[in-house]
Amino acid sequence: MKILSGIELSGYITERQARQIRQLRQEYKVFPKLAIVQTIDSLVIDRYVHLKQQYAKDILAEVEVYKIDQAKLIDTIQRLNEDNAVHGIIVQLPLADTSETEQAVNAVIPAKDVDGLSEDAMLTPATAMAIDWLLAGYNVELKGKNIAIVGNGRLVGAPLARLWANAGLNVSVYDDTTENLANEIRKAQVIVTATGVPGLITSQMIQPGAVVVDAGTASENGKLIGDVAEDVRNRSDVTITPKKGGVGPLTVTALFDNLIQAARSKAEEL
Ligand SMILES: Nc1nc(=O)c2c([nH]1)NC[C@@H]1CN(c3ccc(C(=O)N[C@@H](CCC(=O)O)C(=O)O)cc3)C=[N+]21
């Protein structure tokens, strides 16, 4: 088993980001700030938010967390849209009431949409960017390969499929309800999975020498658990993301790359 280490790759990018932020602060007096809006009080969500705050500290970015009642969500987003000191806004998903997800992510103005989740997003969605970086960083050639994306969610599957289809790659999108999922996935040399169904992807679905990216984030007893079954990790021919330190940390890094870009656009206006 060969490992695709997101944490290792992110180390290099973090250094570059710290330099970029130092320059923005010193030369332009722009202090990149991310606002995180959260409507659920849960340990898992709190931990994700905490990871972003920790990362920000390392690169000298600023983070403000708004834990609010969902009734105030749209108002809060609009206020942050207008706040000149805020360069990026993320609506931490899931929302307490998921029926408003569409409306909420679309309320973020495109220039500050560092998650890249709204319909008119200008920036690349962070998780898609992270997975793209990870494979490029480990020299995994995507051109000419059959790529299976399992899961068509708003955070990972859908934006990644769009990114890669636009790049002319051969992507097929499935989910946990696809009939004969095993047969479909077996055709792929590269598999990205983000369904949140633990153990969905088993060894018998995976062709020899395949590359597997597990971006599933189900949680069981407060522990993060991916989509890939244990038997896949026992294979010596497969290249795969680790249980910890895979896509997750790179997603945070990608998010801050978008924040830096948003802050730079602001600096150029000055
Ligand atoms: N609007 C929005 N944007 C998001 O980007 C977003 C979101 N909502 N909602 C929740 C998911 C989840 N997510 C993760 C980020 C980092 C790790 C991460 O770094 N995980 C560590 C482990 C962390 C630990 O459990 O200690 C790892 O994989 O090694 C995981 C998951 C971002 N999300």
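First, the ground rules. The model is predicted, so local features need pLDDT of at least 70 and side-chain atom pairs count only at pLDDT 80 or more, while totals for chains, interfaces and linings use all residues. Residues are numbered from 1 along each chain as its sequence is written, and side-chain values use heavy atoms, with hydrogens and water left out.

I start with the domains. UniProt, in an unreviewed entry, places "Tetrahydrofolate dehydrogenase/cyclohydrolase catalytic" at residues 4-115. UniProt positions are in the numbering used here, feature names are shortened, and annotations may be inferred rather than shown by experiment.

How much helix and strand is there over residues 4-115? That stretch is 51% helix and 14% strand, and its end C-alpha atoms are 23 Å apart. Residues 125-265 are 36% helix and 17% strand, with the end C-alpha atoms 18 Å apart. Helices (H or I, at least four residues) and strands (E, at least two) are DSSP runs, numbered from the N terminus.

Next, helix H1, residues 6-28, which holds serine 10. Is serine 10 buried or exposed? Its relative accessibility is 6%, so serine 10 counts as buried. The cut-offs are under 20% relative accessible area for buried, over 50% for exposed, and partly exposed in between, with a 1.4 Å probe and protein chains only. The side chain of serine 10 reaches the backbone oxygen of isoleucine 7 at 2.9 Å. Leaving out residues up to four places away in sequence, serine 10 touches Leu250 and Thr253, where contact means heavy atoms within 4.5 Å.

Now the aromatic rings. The whole structure has 1 aromatic pair. Tyrosine 55 and phenylalanine 256 have ring centres 5.3 Å apart and planes at 35°, so the pair is tilted. Rings of Phe, Tyr and Trp (its six-membered ring) pair if their centres lie within 6.5 Å; planes under 30 degrees apart are stacked, over 60 edge-to-face, and the rest tilted. Tyrosine 55 is in helix H2 (residues 43-59) and phenylalanine 256 in helix H9 (residues 247-269), so the pair ties together parts 201 residues apart in sequence. Both tyrosine 55 and phenylalanine 256 are buried.

Last, charges. Side chains of opposite charge can pair when their charged atoms come close. A salt bridge here is a side-chain nitrogen of Lys or Arg within 4 Å of a carboxyl oxygen of Asp or Glu. How many salt bridges does the structure hold? There are 10.

One of them joins arginine 16 and aspartate 257, with the closest N and O atoms 2.8 Å apart. Arginine 16 is in helix H1 and aspartate 257 in helix H9, so this pair ties together parts 241 residues apart in sequence. Arginine 16 is partly exposed at 28% relative accessibility, and aspartate 257 is buried at 13%.

Another is between lysine 67 and aspartate 46, at 3.3 Å from N to O. Lysine 67 is in strand E3 (residues 62-67) and aspartate 46 in helix H2, 21 residues apart. Asp41, Asp46 and Lys67 are linked in a network of salt bridges.

A further salt bridge joins arginine 154 and glutamate 102, at 2.8 Å from N to O. Both are partly exposed, arginine 154 at 30% and glutamate 102 at 40%.

Definitions and conventions
Polar contact = N/O pair within 3.5 Å; in protein donor to acceptor, adjacent residues only side chain to side chain.
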